[in-house]
Structure formats: structure tokens, C-alpha cells
Amino acid sequence: RRPSMQSSLPPPPPPPWLLNQLPEIDEAFAQRGGSTPSPAVVLVAALSKRTNFSVLAGDLRKHFDGWDCVAVAWHSRVLSNVDVADAPGDDGAAFLRSRCVIVLREGMKWGSLVNLTRGAIARRGYEHVALLLDDVKLGDSFNATELIHLSRTHRLGVLSPRVGHATYDLMQGKYAPRGWPHSAERVVRLTALEQYATLYSRAAWGCMTSLMDDAVSRDGADE
């Protein structure tokens, strides 16, 4: 009998969802002395060759002090000391490397990068996950602590601030009161939202990511 031609072939690569089992995020937090997680984590998705690290570093410094931080990247520019899109001498990329656990997968799609963090985020038991895109500049009125307060008091699974220059009108405040979320009375319920700086409860994050295919683009994850 003729030998099988498949016997000499290398085994197929593991499916993308197996990457969720990689322990590197847990190990990175342990190396940083972060074995005890903070109550919330900010997930930056995704760092690219066009990311303005100066703006992103400013967001993290001003609005997410005390939060754990994970940043996923599909381009290695974050590991470089030369940030051509930032101001000369800016330390944005260096700050990101010191502030966040960086997960780099060259060329990986947005959905796969987010899914890559699911296992570690679940194991660390965060009460809330803030999904922050790399091209968002948060205004002075943004208050992450207020979002968590609103999530708890109103039992809301997903919250987002009003977003200027958003693709859809509903995120720009045309269907939401100006100044939201400065007071609980100004919280409005919408039928959909775009991902920009979105806060999820633990249950809502698990639900959203369980439905997200590895191949989706950022736009495909909008709700």
C-alpha cells in the first residue's frame, strides 16, 4: 500500500482561540509585582504604527491612575524609542511600556488581539473592564470613576461617554444630553453604541467577547 502523503507534513497551527490560554499576561503582572489585581483594568486596543503614544499616555496618566493596564499591539512600533508621530523627545511609548503589560502579535487582527486577553482578564477577576481605542483623546470632563459609579447604581453592563467626531450621530450627543455623564439624571439608554472608551461590567465583558470572532475588525465589534 502506498504511504500516506500526509504523514510527512507538519502539524497544522493551533486555532486562534488557543492563544487565549497563553499565560504571558499573568506572568507579566507577576513580574511587575501585580499579583493582586486592581478592581478594574483598562484594555488598550490596538497599538499600531500610527498610534500617537503621547496622546494615549496622557489619557492613561490623567484618567486611569491605579487601574491595571493591558495594551495589545499588531505592530512593534511601541517597542521602539523613535516615535515619529509624537513630539520630539516625548516619552509616550516608554511610558506605555512601563505602565501596561504589552501583548504584541505582528499583523494580528483587532478581534484576535482582544480575544487573546480574555483568559487572563477572567482569571484576575476584574469587576470592570474599560476598552480604550488607541486613537481616542479623552476630554477633561471624562471621569472613569463616575462611569463605575453609574454602572453600579443603575445596574448597567455597558456605558460610554458622549464622543465628539464619532461616526454615528448617537455617540456625538445628538440623542444624549450634553455633558453626560456628569450626573445620574443624564444617563440615557441607547439601542447601539460605538467602541471608543467603553466601560463593561464583568458579566457584560464576558458576554461581548464570547460573541466576538477572531476575524472581526474594530468596526465589526460595535454594538
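Modeller: The answer below turns to the disulfide and then to the confidence of the model. This is a predicted model, in which local features need pLDDT of at least 70 and side-chain atom pairs count only at pLDDT 80 or more, while totals for chains, interfaces and linings use all residues. Residues are numbered from 1 along each chain as its sequence is written, and side-chain values use heavy atoms, with hydrogens and water left out.

A disulfide is a pair of cysteine sulfur atoms within 2.5 Å, and a search of the whole structure finds one. Its partners are Cys 69 and Cys 100, with an S to S distance of 2.0 Å. The link is right-handed, with 75° about the S-S bond. It connects distant parts of the chain, 31 residues apart: Cys 69 belongs to strand E2 (residues 68–73), and Cys 100 lies in the loop between helix H3 (92–99) and strand E3 (101–104). Helices (H or I, at least four residues) and strands (E, at least two) are DSSP runs, numbered from the N terminus.

Cys 69 and Cys 100 are both buried. Cys 207 is partly exposed, because its relative accessible area is 46%; buried means under 20%, exposed over 50%, and partly exposed in between (1.4 Å probe, protein chains only).

As for confidence, pLDDT runs from 0 to 100 for each residue. The chain averages 77, and 69% of the residues score at least 70. Over residues 82–86 the pLDDT is below 50, and this stretch has 13 contacts beyond near neighbours in sequence; a contact means heavy atoms within 4.5 Å.

How values were computed:
pLDDT is the predictor's confidence in each residue, from 0 to 100.
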